[in-house]
Amino acid sequence: MAERKTYTISELAKEFGVTPRTIRFYEEKGLVTPARQGQKRLYTPADRVRIKLILRGKRIGMTLDESVEVIDMYDPEHNNSEQLHSLIATVKEKRARFEQQIRDINDIMASLDEVQGLCEQALKKTPATPTKHN
DNA sequence: GTTCTCACA
DNA sequence: TGTGAGTA
């Protein structure tokens, strides 16, 4: 199977479900550095992988900078244990942050329950009044 | 279709 | 962390 060596911005955008605008934005941030053919950008398979990893990082709550930091640690010559340890540390941070967010949301839900309960109690003590439809 | 820049949330 | 408009 002859592998195609380059991709256009629209091909990658379609593949990853983002807009070309987003990929240009990543380039502006230094996440990818596609070659040029005249004005057009030509993305290599390596560029494609970087974008895929960036988007994967985004899904687990990593910032673009965090993803770049991890990706740029990759060293084909070695076992990358340093990179992997760093990624584990980042993942643990993210996990802690999301766990805190879950607690915050639960607190908010409890407050909503309380307010709703008070409102419903107040309604029981007052005569029913006609309500406008909604 | 793609590029660039500027403004905007 | 992106989007949209206007341009060439």
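1. UniProt positions are given here in the numbering used for this structure, feature names are shortened, and annotations may be inferred rather than shown by experiment. With that in mind, an unreviewed UniProt entry carries the annotation "domain: HTH merR-type" for residues 6–73.

2. This is a predicted model, in which local features need pLDDT of at least 70 and side-chain atom pairs count only at pLDDT 80 or more, while totals for chains, interfaces and linings use all residues. Residues are numbered from 1 along each chain as its sequence is written, and chains are lettered from A and ligands numbered from 1 in the order in which they are written.

3. The span 6–73 is 59% helix and 9% strand, and its end C-alpha atoms lie 24 Å apart; helices (H or I, at least four residues) and strands (E, at least two) are DSSP runs, numbered from the N terminus.

4. Chain A is divided into domain 1 (1–72) and domain 2 (81–123), with bounds that come from an automatic or database domain assignment. The centres of the two domains, taken over C-alpha atoms, are 32 Å apart. Five residues of domain 1 and six residues of domain 2 make up their contact, which requires C-beta atoms, placed from the backbone, within 7 Å.

5. Around DNA strand C are Thr19, Arg21, Thr22, Phe25, Lys58, Thr63, Leu64 and Asp65, each with its C-beta atom, placed from the backbone, within 6 Å of the strand. Helix H2 (20–28) and helix H4 (64–71) are the elements giving two or more residues to this surface, and H2 supplies the largest share, three residues.

Definitions and conventions
Contact = placed C-beta atoms within 7 Å.
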